[in-house]
Amino acid sequence: MEKNDKPISKWLHVPKSTRGPILDCLRNWKGPAKDFHTTASIRKAAVRDRRRAKMRKAMGIGLPPGMEELIHDMTPESCELDRDYFDNLGFLPPPDSIAPSVDPAFVPLLNAYDDGEPGAAKALKTYVDGNWKVNVTLIDMEWEKDWRSFSDDNGQEEVTPFINFDPLEILFHLTCSLPLDKAGVEEVENAMGLTGMFFDLLSDTFWHPSRGPKMTVEIVLGEMTDFMERLRYNCLEFRSEPAEDGFDPRTFPRAYDRIHLSNVTDYVGGLMNPLLFAAPLLKEPGYSDVRFTVLLNPPKFKSHEQFQAEYVLMPSEAKIIDHFHLKRLPPHRPPSPVPYRSHPLGPMFEESYFVWQLQPGEKLPWEKLMRRPQFERLISHMHEVGYPAHWMSSILDTICEGTITTTTRAPTAEVMTPQELVFWDVSQGKPPRKLRTLLLDDEVGDGSATAQAIRNKGIHVVSAFRYTVDTESVNFWLRKDVMNGILSGPARTVPQWLAEQLLVWARNALCDPKL
């Protein structure tokens, strides 16, 4: 992978731009991650987080405290014992067929625990803590470094790890729809055996014994909407020429039968992103679809109409079909002799994924998208709230005449980080590692008196649109009295070593005749 001169696999293409971050992870796994956590801390955190997850799920469906055991676990049928081991001990044992060869001393300890012998659980945990190693592929060091600064364990020698992971639940989702009878395994011993069976089937899917790979997988690291938009307009640099590993990305498809967004929509754009960025990449009307789920805030929406209104201002599904040619399919429910009962917390809990299928149709003429009186009212409202007339007239002129031209191209690298556009009053104390909580004044933000004082006087955050490469400077807008206060008062900067450069930018902004 470091040389980038041959494919990692005949069916797997990793663009050069993606290999760097992957190599960083691999090097961390081989080095620092090995000692990032002890086996005991990981095992204890798994038990703790599993217990907390069950409590949160019980509260979500209205069960009183102490009734968590009534919740149906997503556990494969052959893995009931594994569920007991993971929930109470924090690990999964190897299959009986290989355990004596891979860890002979472990087998009698596990048998003693299964037989309920006194002290067996303690002896088993002590042995695992002293002899087993942590699965480093589940450790994200950068995430944990940020998370540690907000944990309750500051000052302790061993910081509690972040384990938001249930292997049995993941295994249930991976295998619940697989043709187990075709796996070539007569009996699945436990979770490890079922995992091996899954990857056997997966390899059969990717590879044909005589014809080679059945498909090609391309791994791309990037921001979802940015990637989809660049893909739509064929602006991905790494797809513009043959790759060094032997693949030719120019032949890769740019339209797809299915786009699976998981719950990315929870964090970025809600329904807006599937409609604007995923829909143009769908291949065939009446068949292709985009699907996503809502995990963070499903109780907030009492209906799909409310969800649609929140993100795209279109509660009517008919309007969404007219504008975006996507139709939401009803959830699939298998036949059941028991009458269906709606979920008490709303429809968002009744569907695992929301499926929007591409529909045939032509683009609407612009006068049907927004009628002229509505458009004129919108322009009037924009002027009333403060948008200058000359600014709006130039935009309307280029839009109506269709004369928008530009030679601007997207930057090939990040030209500036958010920290470089924040002015911080150092007299208020040391800047926090994360500003989001400090900046928010709602129920999830910092409501302390100190935070309120900083928001009122101690910090200024600016946005910049123009960046000059030659001078490495930006133009931004601030009131003159605010800028004078920044120049005359104590240094305001995050981080402090950027103070000099930030003040240069500030002086340049004061001298700009457009300010």
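**Charges in a predicted model**

Reader: Okay, and is Asp-114 buried, partly exposed or exposed?

Author: Buried would need under 20% relative accessible area, and exposed over 50%. Asp-114 has 40%, so the label is partly exposed.

Reader: Over to the salt bridges: how many residues apart in sequence are Glu-244 and Lys-16?

Author: Their side chains meet in a salt bridge at 4.0 Å, N to O. Glu-244 lies in the loop between helix 10 and strand 5, while Lys-16 is in helix 1, so the pair ties together parts whose separation in sequence is 228 residues.

Reader: And which helices do Asp-87 and Arg-50 tie together?

Author: The two side chains form a salt bridge at 2.9 Å, N to O, and both residues are buried. They also belong to a salt-bridge network with Arg-83 and Asp-166. Asp-87 and Arg-50 are 37 residues apart in sequence, so their pairing ties together helix 3 and helix 2.

Reader: What about Arg-239 and Glu-218: which one counts as buried?

Author: Their closest N and O atoms are 2.6 Å apart in a salt bridge. Arg-239 sits in the loop between helix 10 and strand 5, and Glu-218 in strand 4. Glu-218 has 22% relative accessibility, so it counts as partly exposed. At 7%, the buried one is Arg-239.

Technical notes
Residues numbered from 1 in each chain as written. Predicted model: local features only at pLDDT ≥ 70, side-chain atom pairs only at ≥ 80, totals over all residues. Heavy atoms only, no water. Buried < 20%, exposed > 50% of the residue type's maximum accessible area, 1.4 Å probe, protein only. Helix = DSSP H or I, 4+ residues; strand = E, 2+ residues; numbered from the N terminus.
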